[in-house]
Amino acid sequence: RYAREIDATMNVEIGEAPEALTRGGQGSSALGNWVTDVMRTKTGAHVALTNRTGIRSDLPAGKVRIREMYEISPFSNTLVTMDLSGAELDAVLEFSSGDNATFLEASGLEAVVDRKAAEGSRVTISVVAGEPWDATRTYKIVTNSFLAAGGDGHGTFKAGKNRAETGIDML
């Protein structure tokens, strides 16, 4: 009985995608890049990280409606910022490239991941926020509230300093 009212809201057009953005493939995906770019822009963080499994639908080419945004991000996670050292950032990426981990989508860094390399040497970060990566430097990170709480085994996020719950919904 609410379908007509819900459709009136969910079918509102909010933009247009000139090409489809998908979440598949090896390494960063087009949709994951877009999502994390938006996260970083909204918070001013050096780096944005989100779990690919939290992105639940691809974005087809054409008119974008509110409905598609809910299909992409249905969990009501919020954005959490924190400070991590370069070494902690490396540890997060290293964990996400392991056999039993959930791959993280990223914005604001350049890294090479070799999932076949030995544990502890799978990730080589070269650039963060446009500058050479430094293990001792502090970086402002933004992630979703699920990961910030250690979700998917990402315990390093729980060690982040200057944590701030932004109240910004991933949607």
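Residues are numbered from 1 along each chain as its sequence is written. In this predicted model, local features need pLDDT of at least 70 and side-chain atom pairs count only at pLDDT 80 or more, while totals for chains, interfaces and linings use all residues; side-chain values use heavy atoms, with hydrogens and water left out.

Reader: In what order do the 3 strands of the open sheet run?
Author: Helices (H or I, at least four residues) and strands (E, at least two) are DSSP runs, numbered from the N terminus. Two strands pair if DSSP finds at least two bridges between them; β6 and β7 have 5 bridges, and β7 and β8 have 2. The edge strands, each pairing on one side only, are β6 and β8. The pairing is antiparallel and the order is β6-β7-β8.

Reader: Which residue in the turn of the β7 and β8 hairpin has a positive phi?
Author: On the strands themselves, Val127 stands opposite Pro132, and Val128 has Glu131 as its bridge partner. The hairpin has 2 residues between its strands, and the one with a positive phi, about 55°, is Ala129.

Reader: Is Gly108 buried or partly exposed?
Author: Gly108 lies in the loop between β5 (104-107) and β6 (109-113). Contact means heavy atoms within 4.5 Å, and beyond four places in sequence Gly108 touches residues including His46, Val127 and Ala129. Buried means under 20% relative accessible area, exposed over 50%, and partly exposed in between (1.4 Å probe, protein chains only). The relative accessibility of Gly108 is 21%, so Gly108 is partly exposed.

Reader: Which strands do the buried residues of α4 pack against?
Author: The buried residues of helix α4 (residues 86-96) are Gly86, Leu89, Asp90, Val92, Leu93, Glu94 and Ser96. An α-helix has 3.6 residues a turn, so residues three or four places apart point the same way. The strands packed against are β2, β4, β5, β6, β7 and β9.

Reader: What distance separates the backbone oxygen of Leu93 from a polar atom of the side chain of Ser96?
Author: Ser96 is found in helix α4 and counts as buried because its relative accessible area is 4%. The backbone oxygen of Leu93 and the polar side-chain atom of Ser96 are separated by 2.9 Å.

Reader: How many residues has the largest nonpolar core?
Author: A nonpolar core is a set of buried Ala, Val, Leu, Ile, Met, Phe, Trp, Tyr and Cys residues joined through side-chain atoms within 4.5 Å. In the largest one, the residues with the most contacts inside it are Leu49, Leu89, Ile141 and Phe157. A second, separate core of 15 residues includes Leu31 and Val142. The largest core has 19 residues.

Reader: Which residue forms a salt bridge with Lys63?
Author: The closest N and O atoms of the pair are 3.4 Å apart. Lys63 is in strand β3 (residues 62-65), and its partner is in strand β1 (residues 13-17), 47 residues apart. The partner is Glu16.

Technical notes
Axes fitted to C-alpha atoms, helices over the stretch in contact; angles between N-to-C directions. Polar contact = N/O pair within 3.5 Å; in protein donor to acceptor, adjacent residues only side chain to side chain. Salt bridge = Lys/Arg side-chain N within 4 Å of Asp/Glu carboxyl O.
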